[in-house]
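Please look at the structure before reading on.

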Amino acid sequence: MAIPEFLSGGGEMGQRIRDFDWAATALGPVDTWPQSLRTCIRIMLASRQPIWIGWGKQLIKFYNDPYKAIVGGKHPWALGQPASVVWKEIWTEIGPMLQAVMEKDEGTYSESQLLIMERNGYPEETYYTFSYTPIPGDDGGTAGMICANSDDTEKIIGERQLRTLMQLGKRLTDLQSSQDVINLTLHTLKDNPHDFPFVRFRMAGEEGPLMDECGLAAGSGKPQIVDDLGGKMGEMTKGVWEIAPHKGIILPVFQSGKLEAYGCLVVGLNPYRLPDEKYKGFFSLVADQITNSLSDLYALDAERKKAAALREIDRAKTTFFSNISHEFRTPLTLLLGPIEDVLNDPESKDINRYRMGVAYRNVLRMQKLVNTLLDFSRIEAGRMEGQYSRVDIFALTKDLASSFRSAIERAGMQLTITSGTVTDEVYVDVDQWERIILNLVSNAFKYSQQGSIAVHVEQAGAEVLVRVSDTGVGIPEDQLDMIFDRFHRIESVQGRSQEGTGIGLAMVKELVRLHQGTINVTSTPGVGSVFTIAIPVGKDHLPEDKIVALPEGQAMDAGSRLTLKHTESFVTEALKWLPGTSEDVAAGDAAATPGGDNGASHADALGAREDIGAPKNTGPRAGGTVLLADDNADMREYVQRVLSAQFRVITATNGEDAYLKVLQYQPDLLLSDIMMPVMDGFGLLEKVRSHPVARHTPVIFLSARAGEEAKIEGLDAGADDYLVKPFSAKELLARVDANIRIARSRTEHAARLEEEVRVRTRELGEVNAELRDLNVTLKDLNISLQKSNEDLQQFAHVASHDLKEPVRKIRTFSSRLREEYGDALPGQARVFLNKIEQATSRMYEMIEGVLAYSILNGSEQTIEPIDLNVVLANIEIDLEVTIGEKKASLVRDQLPRIDGASVLIYQLFYNLINNSLKFARTGVPPVIAVVAKLLQREDNVEAMVEITLTDNGIGFEQEHTDRIFDTFARLHAKDKYEGTGLGLALCRKIVDRHQGSISASGEKNKGAVFVIRLPLVQHRKSL
């Protein structure tokens, strides 16, 4: 029989319409159909848009291939049926529209219409845009209607869920407490009553319904589906739906980096959606948003606490400096008075004047440090205020800088002071300005070995600029931003001294700021530095009550200004950095004479020394030769005087100088300061210990760094002894003498044993060395492996949690990509999409395995009674999709109750059953049998249960029995059977923790048998 032209083609539905017995319906045989129906059917079958046609009073249904997805499980039954029968569940919505079409000949249009359709055996939320268009009959009037459809379900639901996620992202930021996070989360989720008709949050540890399920979700780290939610929660909200949720999902919420769950989110599921992977993926994204917000809040709170602690430490430090500075001033005053009396007494002996001169210079230095600390603490506390006077800024600055001229020129350098035009009045606090200029010029001198220092003053617009430049060592570029920070020090290897507190430039910056000015620095290493101060001219920028009134037109100049307080201490300290006349080999002492020329030596004062600047040829003294290295001239001369009665003393001004003299003179002992320019004490010690001639020279460190840690650091570096400043002369002599004696005794003893050692070494040297190295290596390796294992365990857990979010998002959005554009994707794009989905599934399974493995290794579990029947029933629910896809059967006996950790026992049987499903034979439905029997131990004390799990899968060769439980063990290629190699290793660890055993046997292509033995009773509270 010939096929009518209007029924040709049309794919499956074209064939079904041709095969349908239309003669048995009210439409009659095909050849009797009116032309209008024929035309519409031809249009419908040729269209790629979902279309259905209703014809006659009953609206007998026709539809094309694209429409099959809409009728779903009603296909092909719906063909030829009345529309009211096919769509009885939505007839109350579409019936009136179809009536208007048929009776009034009026078309209709509905956009994104919500329809609760039962296409697959359950009511389902759907959204369609469709139009009903009347079809005229051949004899006039409306004979039927045609409907074009577009499915908007995924678009509407996707936009709704994306809106919820975006609102969560916006709202869960910059919050102050965890409760704020939870409250705003619940508020946001209630704005989406379609997906969250019911929502609650349960804190970990609280009591109430579903807490067992929350614990299971938290322990496994996976969402849990709950049936009969209303029976467990009682009356619930319905959201926008007419019925309350009957299923729920439990979402564990963690804080990143923590093992324990913070709580769980209990959500009543949309009653018109199935909890498939896509739907659960959306809820996992919600839980991730909450987890991220809690983690951010935890990190922010930690930073707040850290900042508060730092502020408290800073406040306590400032208070301490202020108090201690005040306390130091009284003893310093009482020291300075008597010392000045001795220096000014014409009857004082020269030796006493010399000693008091050393004391006077160092008391002045201590007073300078105390004053600096006190002033800085006052600045920090906001208690320093200036008294600003009109000054001749160039004359004042020149006078202050000129106080260093003698020291600078004695060092072979030049000081230049120049000025440009200054036309406006300038106001400064003279005391503060003194500190500013003295600090900058002193700093320039300290870090310049040659060349010049220049000071320039000029006015530039509304500011006075003061520049202090030098040709010194310069400042590294990465240090420039920190040069004015408190306590920041650049450990220069070329400065004249390493002494200092690290607050000089910080205080200069604060003093300049009190003048409403700024200071900046430019520098080139090896070329020099330029510090530039800029302060406003005039007085309008200063507090009116802090301005000192002077006669009109008069400025405080060098002759009329207040007495300067700090110049002497700065200059005295600078002179101390210059090399003295006793820096080489000396039998006695040399120092600056107090009250006179700072360059005069102690020999000049006594008139009793001769040629002390060069080595004597009188030979070493009875006590031996000591090389003393210290950059502080007073300290060198004091220690030299103490030791010179018993030892020959050689002095050096820095580590490099000392190293050269160690090689030149080969002293019996090296006595070295730690903080020195050019090369510090540690660098000197390292070079001495690495030189074959000097390596056995005993070394004593002298240091102002007190405390057990500083001493241990020095001894660990290789020093023989460590002496903390201040020390007594007797202690110094005793330590030096003892170390020289020990070194000599060691040398003599070494000589006696040298021959014997040489013989022994020849016989055993290489073997012993290898054994020692091997033992040390193995010990270190074991320690390293243990530490690495612990770190790896913690990292695996934290990283697995953090990795789940991006992997989950890749799975969710790649799934959406396939559903939105699946048919429209080019062939190559579909191949790439398949690879993305396969790789993501493998990654997700690996993350889950690593996470479970790290949880097992790192957490303590509570022991409780467990019904194994309930455990296997829950596993069947969780693996429902896989079991259905593979048409698997799970057969089990009545299983006993045991004591154990519920999370771990669940994981044990889940891994075994999932393993059997994964390794099923192609084309053979898996059959998994679980049976149990009770065993009695020989001592009749502990009963055991033996559980046997048998499958009919691919099995394995018996030779691999011992290896399949190893971590990351795989018997099959990754491209054939996906997995992490952790599942069975995890099973063995779980059984071991329960004091049980697990074994396996198998035969290739005939299945595998796993035998688990577990105690029925555990006599522990946790494992």
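## The sheet

In what order do the five strands of the open sheet lie? The order is β11-β13-β14-β16-β15, and the pairing is mixed. The model is a predicted one.

Two strands form the edges: β11, residues 414-419, and β15, residues 518-524. Each of these edge strands pairs on one side only. On average, neighbouring strands in the sheet are turned by 15° against each other, with direction ignored.

How do β11 and β13 run, and how many bridges join them? The two strands run parallel, and six bridges join them. Strand β13 covers residues 452-460. Within this pair, Thr416 stands opposite Ala454, which is in β13.

## A helix across the sheet

Which helix lies across β11, β13 and β14? That is α12, made up of residues 393-402. Strand β14 covers residues 463-470. The helix runs at about 175° to β11.

## The whole chain

The protein chain has 1023 residues, and 45% of them count as buried. Its secondary structure comes to 27 helices and 29 strands.

Contacts can also be sorted by separation in the sequence. Taking contacts between residues at least 6 apart in sequence, 67% join residues at least 24 apart.

The accessible surface of the protein chain comes to about 51000 Å². Carbon and sulfur atoms account for 52% of that surface.

Note on methods: Residues numbered from 1 in each chain as written. Predicted model: local features only at pLDDT ≥ 70, side-chain atom pairs only at ≥ 80, totals over all residues. Heavy atoms only, no water. Pairing = 2+ DSSP bridges. Helix = DSSP H or I, 4+ residues; strand = E, 2+ residues; numbered from the N terminus. Axes fitted to C-alpha atoms, helices over the stretch in contact; angles between N-to-C directions. Contact = heavy atoms within 4.5 Å. Buried < 20%, exposed > 50% of the residue type's maximum accessible area, 1.4 Å probe, protein only. Areas by Shrake-Rupley, 256 points an atom, 1.4 Å probe, with all protein chains shown as cover.
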